[in-house]
Amino acid sequence: MKNVTIICLLLAGVALVAGSATAGDHGGDIHFTRPVEAVLFSHDIHVDQLGFDCDSCHDGLFEYEAGAAEQNGDFTMESLYGGGYCGACHDGETAFASDTRCATCHEGVKGYNRALGKTETAASHH
Amino acid sequence: MILKKELDMSRNEGLENLGSEERRHFLKMGLVVTGLFAGGTLLSLSSGARRVFASSGEFAEKYPYKPHYSMLIHVDRCIDCERCKKACAKTNHVPDYGYRTTILERDVSGALAGKREFVPVLCNHCNLPQCTRVCPTRATYKDPVNGIVQMNKSKCIGCLTCQMGCPYNARYFNEEQMAVDKCSFCWESRLSKGEALTACAEACPAGVRIFGDLSDPNDKVYRGIHQIEKTVWVLRPEAGTKPNIFYTRG
């Protein structure tokens with residue numbers, strides 16, 4: 001029984017992180033919320049538009065599970081600069097370097113809220 | 001010599017088509033390239049002094065406060081994680097219907113910039129604040145020593161004239177306090193207690209908000225603004241309030 005609960009929680013977690021992704025044969029939009037809110041990884045762009053296959057990233061860099069990387073203590077910009085995670089390609093040669101064009105991947109709290117369908121709380125003086 | 005009027009009517013072709021070498025060449029002469037026309041054969045230029053310093057007439061030597069608190073915002077580093085906003089709200093007890101600082105978002109189509117840009121905003125602690133001029137009870141005032149635009153909340157009658165006077169939308173009415181509330185560079189909560197940084201600057205994980213003293217030539221805010229490599233600007237310079245929040249990229 002306990003195992004079933006854990007599996008359910010895991011599935012719920014995956015669904016939550018994956019958000020409203022319209023995943024075809026890939027993972028759709030992945031919103032990373034740790035260590036900062038939030039970063040959007042688009043499978044659409046990387047798989048459908050750029051033509052990478054699953055093994056390009058899911059062969060050591062990332063597990064086939066949304067949110068798994070965020071559990072690791074080293075899922076940081078520092079790791080990326082050292083060639084880890086996204087930094088394996090985003091090194092300034094294969095793709096734009098991880099320490100440039102910040103807001104290309106960082107969608108922020110605003111972008112994440114939009115993805116969740118939340119509207120911003122309006123400030124009182126508008 | 002082309003007339004300014006004709007230039008205004010021409011289409012600006014965008015600075016991204018101009019080499020950085022050429023731009024730097026003009027910057028070293030104290031000029032900033034503001035436009036590119038007619039296939040790059042015409043450039044419009046403005047004085048670098050006017051662009052870089054809020055107080056163009058007084059230029060570098062005149063920062064009237066000691067310390068002259070200021071913030072330099074590296075706008076392209078902002079990722080809208082909003083840790084600054086959360087830290088500010090927690091430190092200064094800001095309710096969720098208002099803000100002392102927030103992050104704006106805008107679409108940019110520049111070649112290097114990516115798709116969007118996040119712009120942190122807060123009170124500009126102007127040298128010539130309009131808010132203090134229009135306050136009928138002098139509840140808001142400019143501190144004569146450190147230049148922080150402050151609120152004496154017991155004097156505030158909630159008329160909101162200061163909100164209308166502020167070009168930066170930096171004030172909200174705090175219903176619990178029955179007074180207007182605004183950024184004070186964390187004077188009460190931090191600076192007056194010996195902290196060097198505002199809560200927002202300390203909380204930023206990306207080095208966006210550089211807080212310091214413009215009257216000190218060794219301060220990193222002073223050095224970040226008084227250089228010729230990067231363009232530095234202020235928001236809404238046409239308001240003429242001589243703001244103390246500066247923006248740059250890189």
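Is Cys123(B) buried or exposed? At 6% relative accessibility, Cys123(B) counts as buried, where buried means under 20% relative accessible area, exposed over 50% and partly exposed in between (1.4 Å probe, protein chains only).

The structure is a predicted model, in which local features need pLDDT of at least 70, side-chain atom pairs count only at pLDDT 80 or more, and totals for chains, interfaces and linings use all residues. Residues are numbered from 1 along each chain as its sequence is written, chains are lettered from A and ligands numbered from 1 in the order in which they are written, and side-chain values use heavy atoms, with hydrogens and water left out.

**View 1. Chain B as a whole.** Chain B has eight helices and twelve strands; helices (H or I, at least four residues) and strands (E, at least two) are DSSP runs, numbered from the N terminus. Of the 250 residues in chain B, 48% are buried. Among contacts (heavy atoms within 4.5 Å) in chain B with a separation of 6 or more, 55% are between residues 24 or more positions apart.

**View 2. The interface of chain B and chain A.** Chain B brings 25 residues to the contact and chain A brings 20 residues. The buried area is about 1800 Å², and carbon and sulfur atoms give 48% of it; buried area is the accessible area (1.4 Å probe) that two parts lose on being put together, summed over both. In chain B, the residues that lose the most area to chain A are Ile79(B), Glu105(B) and Arg116(B), together 28% of what that side buries.

**View 3. Polar contacts and composition on the chain B side.** Nine residue pairs are in polar contact between chain B and chain A, both residues at pLDDT 80 or more. A polar contact is a pair of N or O atoms within 3.5 Å; within protein, one must be able to donate a hydrogen and the other to accept it, and residues adjacent in sequence count only if both atoms are side-chain atoms. On the side of chain B that touches chain A, the elements giving two or more residues are α4 (83-92), β4 (101-107), β5 (116-122) and β8 (171-174). The largest share, three residues, comes from β8(B). The residues of this side divide into twelve nonpolar, three polar and ten charged. Here Ala, Val, Leu, Ile, Met, Phe, Trp, Tyr, Cys and Pro count as nonpolar, Asp, Glu, Lys and Arg as charged, and the others, Gly among them, as polar.

**View 4. Salt bridges between the chains.** A salt bridge is a side-chain nitrogen of Lys or Arg within 4 Å of a carboxyl oxygen of Asp or Glu. Arg114(A) pairs with Glu105(B), with the closest N and O atoms 2.9 Å apart. Arg114(A) is partly exposed at 49% relative accessible area, and Glu105(B) is partly exposed at 28%. Lys110(A), Asp80(B) and Glu82(B) are linked in a network of salt bridges.

**View 5. Helix α5 of chain A.** The helix covers residues 108-116, and its buried residues include Gly108(A), Val109(A), Lys110(A) and Tyr112(A). Their cover includes β1 (29-32) of chain A together with α4, β4 and β5 of chain B. Just after α5(A), Gly117(A) takes a positive phi of about 80°.

**View 6. Salt bridges within chain B.** Lys153(B) forms a salt bridge with Asp181(B), the closest N and O atoms being 2.6 Å apart. Lys153(B) is in the loop between β7 (149-151) and α6, and Asp181(B) is in strand β9 (residues 179-182), 28 residues apart. Lys153(B) is partly exposed at 28% relative accessibility, whereas Asp181(B) is buried at 2%. A further salt bridge joins Arg236(B) and Glu238(B) (3.5 Å, N to O).

**View 7. Surroundings of Asp213(B).** Asp213(B) is found in strand β10 (residues 209-213) of chain B and is buried, with a relative accessible area of 11%. The side chains of Asp213(B) and Ser215(B) are joined by a polar contact of 2.7 Å. Not counting residues up to four places away in sequence, Asp213(B) touches Lys66(B), Pro67(B), His68(B), Asp219(B) and Tyr222(B).

**View 8. Cysteines of chain B.** Zero disulfides (pairs of cysteine sulfur atoms within 2.5 Å) are found over all chains. The sulfur of Cys88(B) is 6.0 Å from the closest cysteine sulfur, in Cys186(B), too far for a bond. Cys123(B) is in no disulfide, and the nearest cysteine sulfur, that of Cys183(B), is 5.6 Å away.
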